[in-house]
Amino acid sequence: MTQNQIEELLQKAVSLHRAGQLRQAEAIYRQVLEIDQNHPDAWHLIGLVAYDLHDYQIAVRIFLKATELR
């Protein structure tokens, strides 16, 4: 999968996320991570989903991972 295709997936997921479709967005973020397990934006966005779901402990761990990868 090309970088452009990954970016298109992320944009689709962000649109879903903004629409409040958190689980659908998370599924696409995880799809990106299956392609590139070190994609910092995908990790960050999954952290935002966890935060939006009020799972703050997981969100912090994910944000730290995203920061490390950055």
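Predicted model: local features only at pLDDT ≥ 70, side-chain atom pairs only at ≥ 80, totals over all residues.

Student: OK, and which helix is alanine 66 found in?

Tutor: Alanine 66 belongs to helix α4.

Student: What does alanine 66 touch, leaving out residues up to four places away in sequence?

Tutor: With those left out, alanine 66 touches Pro40, Trp43 and His44. There's also a C-alpha pair to look at: alanine 66 and aspartate 41 are 25 residues apart along the chain, and their C-alpha atoms are separated by 7.0 Å.

Student: Let's move to α3, then. How many residues does α3 have, and how far does it reach?

Tutor: Helix α3 covers residues 40-52, so to speak 13 residues, and reaches 18 Å from its first C-alpha to its last. That is close to the 18 Å expected at 1.5 Å a residue.

Student: Which residues of α3 are buried?

Tutor: The buried residues are Pro40, Ala42, Trp43, Leu45, Ile46, Gly47, Val49 and Ala50.

Student: And what covers the buried residues of α3?

Tutor: The cover includes α1, α2 and α4 (56-69).

Student: What about just after α3, which residue takes a positive phi there?

Tutor: That's histidine 54, with a phi of about 65°.

Student: Switching topic: where is glutamate 26? Buried or exposed?

Tutor: Glutamate 26 sits in helix α2. Its relative accessible area is 13%, so glutamate 26 is buried.

Student: What does glutamate 26 touch, again not counting residues up to four places away in sequence?

Tutor: On that count, glutamate 26 touches Ile46 and Val49. Both Ile46 and Val49 are on the list of buried residues of α3.

Student: Now α1 and α2. At what angle do their axes cross?

Tutor: The axes of α1 (residues 3-18) and α2 (residues 22-35) cross at roughly 160° and come within 7 Å. The two helices are therefore roughly antiparallel to each other.

Student: Is the crossing left-handed or right-handed?

Tutor: The crossing of α1 and α2 is left-handed.

Student: Which residues make the contact?

Tutor: From α1, the contact is made by Ile6, Leu9, Leu10, Lys12, Ala13, Val14, Leu16 and His17. From α2, Leu22, Gln24, Ala25, Ile28, Tyr29, Gln31, Val32 and Ile35 take part.

Student: And by class, how many are nonpolar, polar and charged?

Tutor: By class, the contact of α1 with α2 has twelve nonpolar residues, three polar and one charged.

Conventions. Residues numbered from 1 in each chain as written. Heavy atoms only, no water. Axes fitted to C-alpha atoms, helices over the stretch in contact; angles between N-to-C directions. Helix = DSSP H or I, 4+ residues; strand = E, 2+ residues; numbered from the N terminus. Parallel < 35°, antiparallel > 145°, perpendicular 65-115°, else oblique. Left-handed = near helix turned anticlockwise from the far one by under 90°. Contact = heavy atoms within 4.5 Å. Nonpolar A, V, L, I, M, F, W, Y, C, P; charged D, E, K, R; others polar. Buried < 20%, exposed > 50% of the residue type's maximum accessible area, 1.4 Å probe, protein only. Expected span 1.5 Å × (residues − 1).
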